[in-house]
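Here are my notes on the model you sent. Please read them with the structure open.

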Amino acid sequence: MKNWKKCLALVFAVILCSLSAITVFAEIDNFINADWDKDYESGDVNGDGTVNSDDILLIRKYIAGLMGDADIEYDAADVNLDSIVNSDDLLIIRKMVAGLV
């Protein structure tokens, strides 16, 4: 009876390890096959082709909760590429508009 339990535990361990490996490989595959030919300019939150004070206003409204993800070009707004649009991105966009970066 003990051998049966050990065998079952081993099978579950192998399955869990396999699932973890699949997840890791899927993330690596997503990274490798990402669309690196982005169709937006970093910082161009409104998608008009230029980074200007309009983009600063939109990202401020987004951070304040007055706008949703669908109201902005989310990938363009995430200028520091941390997958979160927040005040860090706003600061960088303000520097972009000012010509400091």
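What share of the contacts between residues at least 6 apart in sequence joins residues at least 24 apart?

1. Contacts. The share is 44%. It is counted among contacts in the protein between residues at least 6 apart in sequence. Keep in mind that this is a predicted model.

2. Fold elements. The protein has 4 helices and 0 strands. Along the sequence the pattern reads α-α-α-α.

3. Burial and surface. The protein has 101 residues, and 20% of them count as buried. Its accessible surface is about 7600 Å². Carbon and sulfur atoms account for 60% of that surface.

4. Aromatic pair. Searching the whole structure turns up 1 aromatic pair. The partners are Tyr62 and Tyr74, with ring centres 6.1 Å apart. Their planes stand at 75°, so the pair is edge-to-face. The cut-off for that label is over 60 degrees.

5. Where the pair sits. Tyr62 belongs to helix 2, residues 53-63. Tyr74 belongs to helix 3, residues 74-77. The pair therefore ties together parts that are 12 residues apart in sequence.

6. Is Tyr62 buried or exposed? Tyr62 has 14% relative accessibility, so Tyr62 counts as buried; the limit is under 20%. Tyr74 has a relative accessible area of 25%, so Tyr74 is partly exposed.

7. For your figure. I would show Tyr62 and Tyr74 together, as the edge-to-face pair, with helix 2 and helix 3 labelled.

Technical notes. Residues numbered from 1 in each chain as written. Predicted model: local features only at pLDDT ≥ 70, side-chain atom pairs only at ≥ 80, totals over all residues. Heavy atoms only, no water. Phe/Tyr/Trp six-rings, centres within 6.5 Å; stacked < 30°, edge-to-face > 60°. Helix = DSSP H or I, 4+ residues; strand = E, 2+ residues; numbered from the N terminus. Buried < 20%, exposed > 50% of the residue type's maximum accessible area, 1.4 Å probe, protein only. Contact = heavy atoms within 4.5 Å. Areas by Shrake-Rupley, 256 points an atom, 1.4 Å probe, with all protein chains shown as cover.
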